[in-house]
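Biologist: Could you take me on a close look at the place where the two chains meet? I am new to this, so please go step by step.

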Amino acid sequence: MGMSLQQIIFGVLSVISLVSALGVVLSKNPVTSVLCLIVTFFTIAGHYIMLNAQFLAVVHIIVYAGAIMVLFLFVIMLMNLNAEIEPQKRNWLKYAGAISGGAFLVVLLAALREASMPALLPGSNDIGLISNLGKTLFNQYVVPFEVSSILFLSAMVGAVVIGKKEN
Amino acid sequence: MTIDWVLILEKILLISGVLVISLVVAMYSTWGERKVAAIMQDRLGPNRAGWIGLLQPLADGGKLFFKEEIIPGTSNRFLFILGPSLAMMVACMTSAVIPWGDTLIIAGHTVSLQIADINIGMLYIFGVVSLGVYGIMLGGWASNNKYSLLASVRAASQIISYELAMGLSLIALVMLTGTLSVKEIVEQQRHGFWNVVYQPLGFILFLICSFAECNRSPFDLPEAENELNGGYHLEYSSMKLGFYLFAEYINMFISSAVMASLYFGGYSFPYMDSLGLDHNLLTILGTVVLFGKTICFIFFFMWVRWTIPRFRYDQLMRLGWNMMIPLALANMLLTGAAILWKQGH
């Protein structure tokens, strides 16, 4: 039994995230898919915490599980999507999807097979802690940070303009 | 890797203690609510079960437990049960980062009265708050009833709208204190003024938003019985209904404790360090003071409920988007300007 506590937690988290990610794709009911996706987000947040990136983990939960998935659920509930009224997909579409997805997988595998992935020792790096992250963002990467904030602002203004048009 | 069994035991005891206290406070909030309502309407309130009706919550709880449980045939069974469970679980989660007191020193061993002093405590609170909507949404949708669905959609849009203003008012507080740890915010207030002195507008915004997040009157649109036949828990009976109602009271208790900690000094009180008391005694006194502040806020929640009528839905949305968010942004800007001015730029 050479497994440390961290390896056990990693294993359990990974199994849950893979199973729930499969659930997103395989489930017939859109609401179940959304719930599976939320579980996946939580397990990924767990992985972030294992890497000592607490800030990233909690922001991941706030943004994805707390905001985006609520909107997803909102839309699905309003449209009352379910398996019966889902349009039947054509067969050739299914085959095309499977082939292109498979081709993408092959390319990804080929690209990543030779890539070197230096192992991060869990708990040894502090970059994910909020004060370090803040200092890095506002010293080293201040221009990209500000530019991305302008991007968000323009998206917000766009949404308001679209919302106003109907009146 | 060695596991510190004393620490684990200590945390398990603390977690159980906090959970039990939350449940008891929530239970007696139902009694308190009726008594406050009665006083405000010049009635007596519950006075049959026990002395001044103090056994009433137990009687109510027993009644809820033994009532027949009905799950509608057309509902989604799994989600129908998941809804109230999630509501209850999320309501109990925030208590983990609230410092319920300073440290106790027992036999040379320092015990912190906070379950987890994580350095992102404020973000944790915000994250849990943003998850609170799932219980209501799932329950309302799974009931397969149009009134429940309407109520849950209302709840979702209300909570998302007010979360924004809540986050913005918290950002001003974070800028002022320079930390995201709730314990550190309380410690800063212990050695200085309470944050409400520096952040009066931020506090008022946070207070209004927590009314909306708890679905309390005047923002209790999701359970507007005269429009929606009862709201998102229309199809629920027995203890599942009890869980929804209970989660609301736990939310009220926890958000009162959060407000007391963030803006009103938490477990600290004026001149606490010049009393010359023993450390442990001071800690216990601090915890009692925190509960006192929390109960004041709970009373305020009830006072407002029995004083102010419910908003109309469009008024609620207009207040959230056209008043609260601009005010919160202005507050953030003012705070930033004040901090820069103080730093002498």
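Predicted model: local features only at pLDDT ≥ 70, side-chain atom pairs only at ≥ 80, totals over all residues.

Modeller: Happy to! Chain A has six helices and zero strands, so its elements, read from the N terminus on, run α-α-α-α-α-α. Among the contacts in chain A with a separation of 6 or more, 59% join residues 24 or more positions apart.

Now to the meeting place itself. The size of an interface is often given as the accessible area lost when the parts come together. Here, the area buried between chain B and chain A is about 2000 Å², and carbon and sulfur atoms give 82% of that area. Three residues stand out on the side of chain B: B:Tyr134, B:Met137 and B:Trp141 supply 28% of the area that chain B buries against chain A, more than any other three residues. Counted by contacts, 23 residues of chain B meet 23 residues of chain A.

What kinds of residues does chain B bring? Its side that touches chain A divides into 18 nonpolar residues, five polar and no charged. Across this interface the rule finds zero salt bridges, while two residue pairs are in polar contact, both at pLDDT 80 or more. The elements of chain B that give two or more residues to this side are α3 (77-93), α4 (121-131), α5 (133-142) and α6 (146-177). The largest share, six residues, comes from α4(B).

Let us stay with chain B for the loop between α5 and α6, where B:Ser143 is found. B:Ser143 counts as buried because its relative accessibility is 1%. The side chain of B:Ser143 reaches the backbone oxygen of B:Gly139 at 2.8 Å. Leaving out residues up to four places away in sequence, B:Ser143 touches B:Ser75, B:Phe80, B:Ser148, B:Tyr232, B:Glu235 and B:Tyr236.

Finally, let us look at the core. In soluble globular proteins, nonpolar side chains tend to be buried together. The largest nonpolar core in this model has 106 residues, and those with the most contacts inside it include A:Val31, A:Leu73, B:Met137 and B:Phe206. You met B:Met137 above, among the three residues that supply 28% of the area chain B buries against chain A. Helix α11 (residues 238-263) of chain B gives the most to the core, with 14 residues. As for B:Phe206, its contacts beyond four places in sequence include B:Met166, B:Leu170, B:Val258 and B:Leu262.

Conventions. Residues numbered from 1 in each chain as written. Chains lettered and ligands numbered in written order. Heavy atoms only, no water. Contact = heavy atoms within 4.5 Å. Buried area = accessible area lost by both parts, 1.4 Å probe. Salt bridge = Lys/Arg side-chain N within 4 Å of Asp/Glu carboxyl O. Polar contact = N/O pair within 3.5 Å; in protein donor to acceptor, adjacent residues only side chain to side chain. Helix = DSSP H or I, 4+ residues; strand = E, 2+ residues; numbered from the N terminus. Nonpolar A, V, L, I, M, F, W, Y, C, P; charged D, E, K, R; others polar. Core = buried A, V, L, I, M, F, W, Y, C linked by side-chain atoms within 4.5 Å. Buried < 20%, exposed > 50% of the residue type's maximum accessible area, 1.4 Å probe, protein only.
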